[in-house]
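Reader: I'd like to learn how to read a few features of this model. Could you walk me through them?

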Amino acid sequence: MTAWIEVLKALTDGPDLPVRGSIYEVRAEGTPESFGHEPGHSGGGSMLAVPDTGCRVWLQGRRVRVENVDGNPIFISDGSRAWDFTGHVDRPRVGSLARVVYLGPSQFLLQRRSTAEWTGSDFAQPVDQVETTDFAGRRCWTVRLAPPTGKPYPLRIWVDIESGQMLANRLEETGVGSEFIDLVVGEPLDETLFVWDGPAYTSEQYQQILRDERREHQLQQAQWFAENVTATALTTRVPIDFTPVDARETDPDTGGFDAQNRSTMLSRRRRRTEGWDPKWGILHYAWSTPEWDWAAGARDVDLDDAAVDELQQRLHPNEPVDRVRRIDPAGRPRRR
């Protein structure tokens, strides 16, 4: 009988034989997501691959290359550096493996976990004995791993004995998992598979691009709010500043929006017969004008009737207001 420590050593330390193949998510036969290519499996009913979930992989130790089924790279690592192609920019992000982590398809099969990670509680501890079986034409160990708190089912894994590579995982109770298809073990791999010699952004450059894009988006939101709601400063007597940093249209056809800054929230919807009460967890007011249902709330600020009256005059001066409610999640609503 194989001890769990032997499986654990293979998973963490190798022997690092080269491996290539395709990985697909799988479902139990008969589910609407599956289609007719049957990968290798052991026991139970047939498991069929899910379309549009596949990736092609080349592995050797900590070196990895992942491509989508069309041959475009998703992630490349030479064991120390990594290139992530999943961003929306025109080139990959490059950095150390500690900073650029693979979070793409079938990551549980492809990420080599450290010994420390295998001492945790996230599908890291066996719940029964290790068994030996055949999987995808390979001699494998298989064992079920205990689920973390909040997840109901254990995860069964299959580990190739010769290479130490995890070949499949599956929640047997639901029939959901991922596994290698068309597996080849021991074939030499070209070293150039694991490097990228094209242009790339450093992590710092990539974060700056995201910050610039975020700022540009906020400026566009602020411009929309000024043009479609009000350009008037929304600071009330207290004072409470409702001028938004983020303003998002909830429905371009109606003009509804959600706006906020670090301290306040402001929203409107088309007027409904039954009124509108947002499910906010902070003290807020809700009211209606002839066309709109409105809501305004403040975090860590004493929002009162006078402040809301002033805000209403800035948002929709001289319009009649009705159905005013003060809603305190910690207490009871008060109407006026």
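Author: Gladly! Helices (H or I, at least four residues) and strands (E, at least two) are DSSP runs, numbered from the N terminus. R323, for instance, is found in strand 19 (residues 322-327). This is a predicted model, where local features need pLDDT of at least 70, side-chain atom pairs count only at pLDDT 80 or more, and totals for chains, interfaces and linings use all residues. Residues are numbered from 1 along each chain as its sequence is written, and side-chain values use heavy atoms, leaving out hydrogens and water.

Reader: What is the mean pLDDT of the protein?

Author: pLDDT is the predictor's confidence in each residue, from 0 to 100. Its mean here is 84, and 89% of the residues reach 70 or more.

Reader: Over which residues does pLDDT stay under 50?

Author: Where pLDDT is low, the predicted coordinates should not be read in detail. Residues 31-51 stay under 50, with 57 contacts (heavy atoms within 4.5 Å) beyond four places in sequence. Residues 332-336 are also below 50, with 15 contacts beyond near neighbours in sequence.

Reader: Which residue other than glycine has a positive phi near 50°?

Author: Most residues other than glycine have a negative phi. F123 has a positive one near 50°, and sits in the loop between helix 2 (107-110) and strand 8 (131-135). R323 has a positive phi of about 55°.

Reader: Is F123 buried or exposed?

Author: Buried means under 20% relative accessible area, exposed over 50%, partly exposed in between (1.4 Å probe, protein chains only). F123 is buried because its value is 10%, while R323, at 22%, is partly exposed.
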